[in-house]
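This report describes the layout of one protein model and the places where its ligands sit. Please look at the sequence and the structure before reading on.

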Amino acid sequence: MADKPSFRLIPHSNPVPDAERAQLIADPGFGKIFTDHMVVIRWSVGTGWHDAEIRAREPFQLDPASAVLHYAQEIFEGMKAYRTGDGRVTLFRPEQNARRFNESAHRMAMPEIPEEMFLEAIEKLVALDKAWIPAGEGSLYLRPFMFANDVFLGVRPASEYIFCAIASPVGAYFKGGAKPIKVWVSQDYSRAARGGTGAAKCGGNYAGSLLPQAEAIQRGCDQVVFLDAAEHRWVEELGGMNIFFVMDDGSLITPPLGTILPGITRDSVITLARDNGLVVREENYGFDQWQADAASGRLREVFACGTAAVIAAIGKVESKGSEFMVANGETGAVTEKLRDGLVRLQRGESNDGHGWLRTIPLD
Ligand code: PLP
Ligand code: COI
């Protein structure tokens, strides 16, 4: 059984001055600047979770034999805090991140963290560093993560772990802002196989995606699209986003769960689309079909979605030996409507009929 430690607050003795912070968050980009504080909670066999602290963000000291450096027992989450028009600070479905974090932990043979502790860690960090939340379209990207910290070279689940959460003021994920993105469909590399770790948000999945992602960038594309590992045929997801296809009858197709990351944005889009009377099918869709449907006009729009990118239209598709456009390279009406609906909901500008927003207590 895990302990339930109370959080010890050790405020930063020398936080970034107001004027400098204001300058930093005016045009933050993505993942480049960080707030003053971080949360750290330790776990060890026998003691469970202990020593929960919120303190100045600073480097870790790791022994060269620390398990994470060798066998990559590491998981993370990505979520955002928003400043709403009426002055609240909110999180979007954070309990889903807590749940997925624990599913990732289970898959990687790591200890689970009580959901309330995960949520308290995030809320306390956001409340303390709330001045870092950018105004306007920006948000505070939160990165909870956990890694094995045993000093031991044997291959087995570690007996010590560190949970940490950091925060980063962010703007648009893609440099082009809301412009449709170009994707590169990799036919040489896959992201995940059945029985593998595809559904877990573990660092290793991203390490394996970097070479195909670099190929995508080399070809002038923004993101790599992965096909399934067995047949190299079925579309799975992008390096850091899920994918939806909008057909000419107004229905949506998105790849089924299994080897892909079960995106919280994906789940929200499915719900919002159904709220709007659209039919959504979670089914396999082949790259050959994608090309044929784009050529025949049966396929009207394609978009990617995730916490970092929100909803981004896919305007151009490239792969070895083929290149084609979708929706004339523009953002289609269904994509636009879903993005607008989701963004307004996340920012507290529309009715939160699903109870997805969690207001953070600010003192
Ligand atoms: N797929 C991958 C591989 C991701 O990294 C992400 C981003 O977190 C997603 C999908 C979308 O997940 P979510 O909507 O929960 O952010
Ligand atoms: C996210 O959307 O939160 C991710 O973790 C994906 C990454 C591209 C930043």
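## Domains

The domain bounds used here come from an automatic or database domain assignment. The model itself is predicted. Its chain is divided into domain 1, covering 8-170, and domain 2, covering 181-346. Taken over C-alpha atoms, the centres of domain 1 and domain 2 are 27 Å apart. In the contact between them, domain 1 takes part with 19 residues and domain 2 with 20 residues.

## Surroundings of ligand 1

Ligand 1 is surrounded by 17 residues. The closest of these are Arg100, Tyr206, Glu237, Thr265 and Thr307. The space that ligand 1 takes is the largest pocket.

Polar atoms of the protein approach ligand 1 at several points. In the side chain of Thr265, an N or O atom is 2.5 Å from an oxygen atom of ligand 1. Thr307 has a polar side-chain atom 2.6 Å from an oxygen atom of ligand 1. The backbone is also involved: a polar backbone atom of Ile264 lies 2.8 Å from an oxygen atom of ligand 1. Ligand 1 exposes 380 Å² when taken alone, and the protein buries 96% of that.

Which residues are found around ligand 2? They are Phe76, Gly78, Tyr141, Arg143, Tyr173, Lys201, Gly240, Thr307 and Ala308. By type, the residues of this shell divide into 4 nonpolar, 3 polar and 2 charged. Domain 1 (8-170) and domain 2 (181-346) each supply at least three residues to the shell around ligand 2. The largest pocket is the space taken by ligand 2.

On its own, ligand 2 has 280 Å² of accessible area, of which the protein covers 89%.

How values were computed: Residues numbered from 1 in each chain as written. Chains lettered and ligands numbered in written order. Predicted model: local features only at pLDDT ≥ 70, side-chain atom pairs only at ≥ 80, totals over all residues. Heavy atoms only, no water. Near = heavy atom within 4 Å. Areas by Shrake-Rupley, 256 points an atom, 1.4 Å probe, with all protein chains shown as cover. 1 Å grid on protein atoms, 1.4 Å probe; cavity = no way out; pocket = protein on both sides within 12 Å on 5 of 7 lines; lining within 4 Å. Sits in = over half its atoms within 2 Å of the grid points. Nonpolar A, V, L, I, M, F, W, Y, C, P; charged D, E, K, R; others polar. Contact = heavy atoms within 4.5 Å. Polar contact = N/O pair within 3.5 Å; in protein donor to acceptor, adjacent residues only side chain to side chain.
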